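Visitor: I am new to this structure. Could you show me how to read it, one feature at a time?

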Amino acid sequence: MKRHFSSSWYEYLIVIFIVVVSSLICYFITDLAGYRVVSFVLLFVVSLLAFIYGTGPVLLASALSALIWNFFFIPPHLTLHIDNTEDMLMFVMFFIVALLNGVLTSQVRQRESVIKQREERTQALFQLTKSLSEENDISKLKKMIVVGIRKYFHIDSMVFLSDDIDALNTDGVKTVTSMPHNEIVAMMDCFNRSEPGGRYFSLYPDNRYSYYPMIGNHMKTGMIVLLHQNKFTDDEMQFWEAYLSQISGRFEREILNRIAQKAFILDESDKLYKTLFNSVSHEFRIPVTTILAATDTLMSEQYPENVQLQLLTEINIASIRLNQLIENLLNISRLESGRLSLRVNWYDFHDVINEVTKTLKQELQYYHLTVNIPDDLPMVKIDFGLIEQVIHNLLLNVTQYVPQNTDIIVDVHLSGEILTIKIKDQGSGFSFDDITHIFDKFYRGKSDKTGGTGLGLSIVKGFIEAHKGSVVVYNHPSGGAVFEIKIPVEFSNVNDVEKLS
Amino acid sequence: MSQLEKILIIDDEVQIRRLLEITLSASGYKVYEASTAKEGCVLAASVSPSLIILDLGLPDADGQDVLLRLREWYTNPIIILSVRNSEDDIVRALDSGANDYLTKPFRTGELLARMRAASRKTEGEQEAVLDFGDLRIDLSRHLVILKDVIIKLTTTEYSLLVLLAKNEDRVLTHAFILKEVWGYHYADQPQCLRVFVAQLRKKIEEDPARPRYLITEPGIGYRFRGE
């Protein structure tokens, strides 16, 4: 854009060349057309040049062609002297017209380029808004902004959010980047004052960098540091301010989001805490009471062997229940922390079922469990521990709510890359309310008479979602409930390993 | 045997030690207890127990380091106690010389069985026929007989079965089995092993879905159960 005002030297050379060549051609036609026609030809050339080159070269072309016309074409030839008053007038007119022509054309072009530039900037702002709203990762947002500033302003920059500045405050300044110590201190001071500073400003004018605070509608969100080569023109400054306000707004939204999220988590953990106190402490107390009472009895008097055995069985059951409770609490805290990472490997699904039926042997002995797994089910890639826990919780749930001496059917099959596991019971099914809330944390069925924390099924959901799968529950038309799990899995192609035999 | 077998327990939980002391003494063992890694190593050297039960979570040292230190000179069995969901630790411990593992909470019956299995000497077992009731493996003639019928196995399936059967009741890690049967190059391909175990189960198990002999230790390896 600046090139219209300060053209490079070769443009002047080209202009001189064109004027000289045109004059040479005219020199040969003067005899035919007369020197006055030459003035029109030269004027025409100058007007053409005005379309291509900036004001400087066009002014030069006007002056040069006027002089050439005077020197070579107006009699007396080869002098700057003009005898004829008419020619004198013509020469002055020529000069003025050439000048006006050049200046006006280049002004039109300049205006056009301003409009184009404005359009580009609007486009840039639009692009910025769009890409900023699409990106949620803070560090990627920062990178995006630095790239944008380099693209539209040709300036290197750094972005510091208020968090970063807080960290600088606490960790000490030396931990950071390529910026010198004094620059960072100045930047932090400008942040505290909410004023721009550094180079080209009255605050810290001797520094190398310029610091611009990002101020949203409600709060300061951070600083942007620029390494200018030139001071912004008014026009650029306007564009920069618009750009800056977009960025500030975006970061403000992000920060407000985070605050809201934190509040939500706090609220949730508060709820978790309360429920732990109400329901879990109760849950813990029952088995502990059982164990205490039973051991007390066993220690105090000599009971017949069958009574002793019964008491020991009770202690055993209570301990298993305690262990189950601890397992569930550990699992829910793994889910809550958001740090659940899958450890997938190849497993035979039979092994999952076998492990679960082994640990639930006592509970399942009163049910008719049928497991249907196709013979050709390949190995699947899952987190064994998590899926085992899922099946465990679902089967345990059935044994707690469904009358004994009924069938439990487990169906497993793979279609495409989706592993489906269905667990069907012959209980009374679920009410609509239960079906919609059954996987919620701490939800307990309306007709729930058994103890329980309401965690088991929410763990199921969490672990299945960790596998990017889904779990639903519905009532079977023939009675009973069906839990249906679908997880996308990789499965092994047995042929791949034939070579090992 | 006039002298009682000596067992050393290295665990920082006093209640676990007490429980083990009661159970093991009742089963005819002489029990020594250590609550720290340091104490454990000293006791191991001074009483030279015939088996050590080592908890991986000790206050003063990493259980894995203690295991390595003991294995520098101690050749008798070591059984690891560990918490659930720590398959990686267990595999590491097994691969660096532990003989077996139990996760807390464990059943004492299981512990006693593991101790007996670990103490059985593999080297002495040079019988020509491994007999597990319905299943017999005739090592001299390379035959596997299930209920008096000869089962056809590929060479790989046979070596896999023999390796597991010779280590009856002991857990073998994936890496160990792969190395023994296929060689070093295959040590990191447990899915291949799983395919072979599945094939083998189809041939020797009555119900391959609920295996009786070839037991999976999820995330760790396999165990051959004789009875």
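Guide: Start at one residue pair: Val144(B) stands opposite Ile151(B), which lies in strand 9 of chain B. Keep in mind that this is a predicted model.

Visitor: Which strands are joined there, and by how many bridges?

Guide: First the general idea. Strands of a sheet pair through backbone hydrogen bonds, either parallel or antiparallel. Here, strand 8 of chain B and strand 9 of chain B run antiparallel and are joined by three bridges.

Visitor: What is the order of the strands in the open sheet of chain B?

Guide: The order is 6-7-8-9, four strands with antiparallel pairing. At the edges are strand 6 and strand 9 (149-151) of chain B, each pairing on one side only. From one strand to the next, the twist averages 25°.

Visitor: What packs on the sheet?

Guide: Helix 6 of chain B, residues 155-166, does. This helix touches strand 6, strand 7 and strand 8 of chain B. Its direction makes about 105° with that of strand 7 of chain B.

Visitor: Let us look at strand 7. Which of its residues are on the covered face, and which on the uncovered one?

Guide: In a regular strand the side chains alternate between the two faces of the sheet. In strand 7 (residues 135-138) of chain B, Leu135(B) and Ile137(B) make up the covered face. Arg136(B) and Asp138(B) make up the uncovered one.

Visitor: What stands opposite Ile137(B) in strand 8 of chain B?

Guide: Val144(B) does. Ile137(B) is also the bridge partner of Leu130(B). Strand 7 of chain B pairs with strand 6 (residues 129-132) of chain B in the antiparallel sense, over four bridges. Four bridges also join strand 7 of chain B to strand 8 (residues 143-146) of chain B, again antiparallel.

Visitor: How many residues lie between the strands in each hairpin?

Guide: Two residues lie between strand 6 and strand 7 of chain B, and in that hairpin Gly133(B) takes a positive phi near 80°. The hairpin of strand 7 and strand 8 of chain B has four residues between its strands. In its turn, His142(B) has a positive phi of about 55°.

Visitor: Now chain A. At what angle do helix 2 and helix 3 of chain A pack?

Guide: Two packed helices are described by the angle between their axes and the distance between the axes. For helix 2 (residues 35-52) and helix 3 (residues 55-73) of chain A, the angle is about 170° and the axes are 9 Å apart. Angles over 145 degrees count as roughly antiparallel, so helix 2 and helix 3 of chain A are roughly antiparallel to each other. Their crossing is right-handed.

Visitor: Which residues make the contact?

Guide: Helix 2 of chain A gives residues including Tyr35(A), Leu42(A) and Leu49(A). Helix 3 of chain A gives, among them, Pro57(A), Trp69(A) and Phe73(A). By class, this contact of helix 2 with helix 3 of chain A has 12 nonpolar, three polar and no charged residues.

Visitor: Is Ser458(A) buried or exposed?

Guide: The cut-off for buried is 20 or more other C-beta atoms within 10 Å. Ser458(A) has 21, so Ser458(A) is buried. The residue lies in helix 14 (residues 456-466) of chain A. Beyond its neighbours within four places in sequence, Ser458(A) is in contact with Phe439(A), Asp440(A) and Lys441(A).

Visitor: How many residues does each chain give to the contact between chain A and chain B?

Guide: Chain A gives 17 residues and chain B gives 17 residues. On the side of chain A, the largest share, four residues, comes from helix 10 of chain A. By class, that side has eight nonpolar, six polar and three charged residues.

Terms used. Residues numbered from 1 in each chain as written. Chains lettered and ligands numbered in written order. Predicted model: local features only at pLDDT ≥ 70, side-chain atom pairs only at ≥ 80, totals over all residues. Buried ≥ 20, exposed ≤ 12 C-beta atoms within 10 Å, placed from the backbone. Contact = placed C-beta atoms within 7 Å. Pairing = 2+ DSSP bridges. Axes fitted to C-alpha atoms, helices over the stretch in contact; angles between N-to-C directions. Parallel < 35°, antiparallel > 145°, perpendicular 65-115°, else oblique. Left-handed = near helix turned anticlockwise from the far one by under 90°. Nonpolar A, V, L, I, M, F, W, Y, C, P; charged D, E, K, R; others polar.
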